[in-house]
Amino acid sequence: MPHDHSHSHGHAHAHGHDHDHLEGGSERKLLFAFVVTLVMLVAEAAGGVVSGSLALLADAGHMLVDALALLLAFLGARFASRPADARRTYGYGRIEVLAGFVNALTQFALVAFIVYEAVQRLFHPEPILSGVMLVVAILGLLANVVVLRTLHGHDPDDMNMAGASLHVLGDLLGSVAAVLAALAVRWLAWNWADPVLSILVSMLILRSAWSLVRRSGHILLEGTPEGVDLGDVQRGLLEIDDVIVDIHHVHVWQVTAGSRMATLHAELSPAAEQADQARVLTAIKQLLSERWRVEHATVQFDPGPCPDELEGCGKAGPHAR
């Protein structure tokens, strides 16, 4: 985002220091989750073919997508830890958001496949070996619990880990459905339970996937972070010091997890001195950090009427004065 650098302004360079969760810890968790998911994918695919269970095959298909998603998340975490360079001054952290966005989109395709297969199975039921189905489903359930436990506790703003956790949660629900379907087929002879439970799980996956698409898409569009009201930011900064005449052109966005940015213009009283600028700059950065978790702020001091407005720019929208 370009800024007019003809005026005095300050920077807080903290955006590169809040990604410890991506360096080492997240990578190891994602790699472990990928290996376990890959093993269970093979087991459930074989079990689904042998038993004739759609729920197992659907869960195996889900795990295939999840294995690829976890691999993508692992690569995203690894690339995100790379330092910034001249071409990518904010580094590669946004790869985690892209990974989360792509992971969520794959869930939509998976849901469509499962629902189609389930409808076909309802009209053309096939015999199911419930014993094999139950054993494999329980093993898949246990594996998903272990993986989800491993990924638990990530930063709520981390779209990459959120996307990976969403996939594993979908796997867990699929395994639960497979266990319930196996019990229904084995003890009640309800063969229809297999495709019906597959459809119900798909609807739960769809809801979570839509939520992740909205969250990650909002970040990619540089929307205002959750819990931040630009009006409150403007009013709060105006109350910092009596020499502040106006706060305008306020923008707050998020590059990636734990990396909120802000730019704004501050007009000071004509009687303000250089010492007043330094004091106000420190106070603005402190308030942005403490109240809205903004650790990288660019502040432009206007010596009078905003030059952007004089040029006819920036008058539209809620950020204008």
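The model is a predicted one.

**Stop 1: the partner of Asp-194.** Arg-121 and Asp-194 form a salt bridge, and their closest N and O atoms are 3.8 Å apart. The two residues are 73 apart in the chain, Arg-121 being in helix H3 and Asp-194 in helix H6 (residues 193–220), so the pair links distant parts of it. Arg-121 is buried too, because its relative accessible area is 12%, under the 20% cut-off.

**Stop 2: helix H3.** Select residues 95–123. How far apart are the end C-alpha atoms of helix H3? They are 43 Å apart, which agrees with the 42 Å that 29 residues should span at 1.5 Å a residue. Colour the buried residues of H3; among them are Val-97, Ala-104, Leu-110, Ile-114 and Arg-121.

**Stop 3: salt bridges around helix H7.** The structure holds four salt bridges. For another of these, select Asp-232 and Arg-235, whose side chains meet at 2.5 Å, N to O. Both lie in helix H7, and they are about one helical turn from each other because three residues separate them in position. Are they buried or exposed? Asp-232 counts as partly exposed at 37% relative accessibility, and Arg-235 counts as partly exposed at 48%.

Next, select Asp-241 and Arg-279, which meet in a salt bridge of 2.8 Å, N to O. Asp-241 is in the loop between H7 and E2 while Arg-279 is in helix H8, so this pair ties together parts 38 residues apart in sequence. Asp-241 counts as buried at 16% relative accessibility, whereas Arg-279 counts as partly exposed at 40%.

**Stop 4: the β-α-β unit.** Select residues 259–268, 274–292 and 294–302. What do strand E3, helix H8 and strand E4 make? Together they make a right-handed β-α-β unit. E3 and E4 run parallel and are joined by eight bridges. Strand E4 is largely enclosed by the rest of the structure, because eight of its nine residues are buried.

**Stop 5: the nonpolar cores.** Select Leu-237, Leu-264, Ile-284 and Leu-288. These residues have the most contacts inside the largest nonpolar core, which has 23 residues. Helix H7, E2, E3, H8 and E4 each supply at least two residues of this core, and the largest share, six residues, comes from H8. Centre the view on Ile-284: leaving aside residues up to four places away in sequence, Ile-284 touches Leu-237, Ile-240, Leu-264, Ala-266 and Val-299. A second, separate core has 19 residues, including Leu-41, Ala-77, Met-161 and Val-168.

**Stop 6: two backbone angles.** Most residues other than glycine have a negative phi. Select His-249, in strand E2 (residues 244–256). His-249 is not a glycine, yet its phi is positive, at about 50°. His-249 counts as buried at 8% relative accessibility.

Finish at Arg-293, in the loop between H8 and E4. Its phi is also a positive value, near 60°, in a residue other than glycine. Arg-293 is partly exposed, with a relative accessible area of 45%.

Notes: Residues numbered from 1 in each chain as written. Predicted model: local features only at pLDDT ≥ 70, side-chain atom pairs only at ≥ 80, totals over all residues. Heavy atoms only, no water. Buried < 20%, exposed > 50% of the residue type's maximum accessible area, 1.4 Å probe, protein only. Helix = DSSP H or I, 4+ residues; strand = E, 2+ residues; numbered from the N terminus. Pairing = 2+ DSSP bridges. Right-handed = clockwise from strand over helix to strand, strands pointing away. Core = buried A, V, L, I, M, F, W, Y, C linked by side-chain atoms within 4.5 Å. Contact = heavy atoms within 4.5 Å. Expected span 1.5 Å × (residues − 1).
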